[in-house]
Amino acid sequence: MSPKLIVLILALLLGLQPVTTDLYLPALPAITEGFGASMGQAQLTLTALLLAFGLSQLVWGPLSDRFGRRPILLWGMAAYTLASVASAFAPDMAWLIVGRTVQGIAMGAGVMAARAVVRDLYAPAQGANVMSQGLTGLGIIACTCAPLGGVLTDWLGWRIAVLMLALFGAGTLALLAWRFEETLARPDPNALKAGPLLRANIEILRNPVFLTWCALSSSSYLGLFTFLASSSFVFVSFMGYSKTAYGFLMLSMSLSYIVGTFWCRWMLRRTSVHRTVGVAAILTLTGGVSMAGLAYAGQGQDWYGAWAVMGPMYIFMLGHGVHQPCGQSGAVAPFPHRAGTASALNGFLMMLGAFFMGTWLGGRMDQPVFALAHGLLLWALCITVLAWTLVQRHGRPQIIAATA
């Protein structure tokens with residue numbers, strides 16, 4: 001496979017997350033109203049998806065180490081497409097939650113395999129660069145998702161918006177079946193045996209390099225997830241913006257993220273991974289602190305509007321464009337022969353955090369601005385502490401190489 005095809009496939013597989021969440025988010029208030037559901041039930045369509053996404057990777061990872069990436073990707077994308085169709089025609093909220101759960105299970109195959117493919121083909125330092133290119137593609141996909149979801153929901157209804165997920169899944173499945181070649185050189189015949197699998201998971205979870213980068217990528221994602229899970233209620237329900245306008249606000253956030261991924265690659269050409277992450281944490285901290293500060297200063301004030309939320313989020317997303325590619329590639333770097341299992345554990349821990357964060361947010365949507373501000377500040381502080389301490393200790397290239 002050519003390098004450009006690899007980056008395209010990575011972008012599509014990693015893009016499953018923003019497609020499944022960002023395109024759906026503008027429809028969330030309409031779904032809540034259409035089914036007469038509570039905000040907690042609406043949040044469950046997200047949290048159930050993410051919990052299933054995380055748990056499924058614990059199964060997909062060893063399966064891909066045993067049978068290869070290609071069959072897992074083909075089965076996963078086929079299931080994703082069917083689950084998307086079922087969700088689009090859901091007759092009630094319970095059906096929709098089940099459909100979203102199956103979507104999450106299937107999505108786990110694609111995202112897990114994408115991270116494993118990078119480790120199959122590239123050394124750790126080059127892997128961060130390639131992952132950054134794939135995540136730039138993710139950002140471009142995310143740019144189109146929220147505006148498209150808003151326009152489709154406003155003009156044609158939320159079911160058409162959800163049906164677009166099936167089209168994306170079918171297109172990705174077709175490309176994989178046509179052009180994707182197996183990247184796992186030597187499948188592990190012991191990958192599914194209980195004893196070796198347990199020992200492999202314990203080895204990975206005890207590895208300080210894995211724990212450091214996994215904590216960084218998870219904290220950065222949870223900051224973004226806090227925004228994704230609460231922003232539709234902030235802008236549509238609280239501030240009164242249309243779903244289309246909300247979609248374009250999400251587009252602008254994705255553009256900031258894309259700039260962050262380009263800046264990440266620019267920095268990696270000039271300095272080390274751990275120094276790049278340390279510098280990006282300054283932006284992360286600035287975004288979290290300013291989000292909370294403006295929320296408190298603007299309480300009940302006429303001047304408080306979308307700019308006071310989006311400005312800090314742009315700054316946070318610049319840092320996110322560094323922390324995600326470096327964190328995701330760094331977490332699997334020490335395990336070239338167990339990349340699927342390491343990728344699965346990283347994804348599982350990330351989504352487990354998202355499940356609990358979504359549950360916490362679901363009980364605080366009566367004040368969505370403060371739920372967003374408090375959550376983003378929390379994760380900004382976590383990212384900064386990790387970037388300035390553990391990453392500097394365990395994220396240096398020579399340590400990763402020695403561990404691998």
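In α12, V273, T276, V277, A280, A281, L283, T284, T286, G287, S290, M291 and L294 meet W307, A308, V309, P312, M313, I315, F316, L318, G319, V322, H323 and C326 of α13. Contact here means heavy atoms within 4.5 Å. By class, this contact of α12 with α13 holds 17 nonpolar, seven polar and no charged residues. Ala, Val, Leu, Ile, Met, Phe, Trp, Tyr, Cys and Pro count as nonpolar; Asp, Glu, Lys and Arg count as charged; the others, Gly among them, count as polar.

The model is predicted: local features need pLDDT of at least 70, side-chain atom pairs count only at pLDDT 80 or more, and totals for chains, interfaces and linings use all residues. Residues are numbered from 1 along each chain as its sequence is written, and side-chain values use heavy atoms, with hydrogens and water left out.

**How α12 and α13 cross**

- Helix α12 covers residues 273-297 and helix α13 covers residues 306-332.
- Their axes come within 8 Å and cross at roughly 160°.
- That makes α12 roughly antiparallel to α13.
- Axes are lines fitted to C-alpha atoms, for helices over the stretch in contact, and angles run from 0 to 180 degrees between N-to-C directions.
- Angles under 35 degrees count as roughly parallel, over 145 as roughly antiparallel, 65 to 115 as roughly perpendicular, and the rest as oblique.
- α12 passes α13 in a left-handed crossing.
- A crossing is left-handed if the near helix is turned anticlockwise from the far one by less than a right angle, and right-handed if clockwise.

**The loop between α12 and α13**

- G298 sits in the loop between α12 and α13.
- G298 is buried, because its relative accessible area is 4%.
- Buried means under 20% relative accessible area, exposed over 50%, and partly exposed in between (1.4 Å probe, protein chains only).
- Not counting residues up to four places away in sequence, G298 touches W303 and Y304.
- G298 and A52 are 246 residues apart in sequence, and their C-alpha atoms are 37 Å apart in space.

**α10 and its partners**

- α10 also packs with α13, at an angle of about 150° and with axes 9 Å apart.
- That makes α10 roughly antiparallel to α13.
- The contact of α10 with α13 has 18 nonpolar, nine polar and no charged residues.
- The crossing of α10 and α13 is left-handed.
- S230 lies in α10, which covers residues 208-238.
- S230 counts as buried, because its relative accessibility is 0%.
- Leaving aside neighbours within four places in sequence, S230 is in contact with M365 and L372.

**α6 and α14**

- Helix α6 (residues 93-121) and helix α14 (residues 339-362) pack at about 140°, with axes 8 Å apart.
- The two helices, α6 and α14, are therefore oblique to each other.
- The crossing of α6 and α14 is right-handed.
- M112, R115, A116, R119 and D120 in α6 meet A339, G340, S343, A344, N346 and G347 in α14.
- Residues in the contact of α6 with α14 divide into four nonpolar, four polar and three charged.

**F348 in α14**

- F348 has its place in helix α14.
- F348 is buried, with a relative accessible area of 16%.
- Leaving aside neighbours within four places in sequence, F348 is in contact with G54, L55, Q57 and L58.
- F348 and A52 are 296 residues apart along the chain, yet their C-alpha atoms are separated by 9.0 Å.

**G375 in α15**

- G375 lies in helix α15, residues 368-388.
- G375 is buried, with a relative accessible area of 1%.
- Beyond its neighbours within four places in sequence, G375 is in contact with T226 and M357.

**The whole protein**

- The protein has 17 helices and zero strands.
- Helices (H or I, at least four residues) and strands (E, at least two) are DSSP runs, numbered from the N terminus.
- Buried residues make up 60% of the 404 residues.
- Among contacts between residues at least 6 apart in sequence, 86% join residues at least 24 apart.
- Along its principal axes, the C-alpha trace spans about 60 × 45 × 35 Å.
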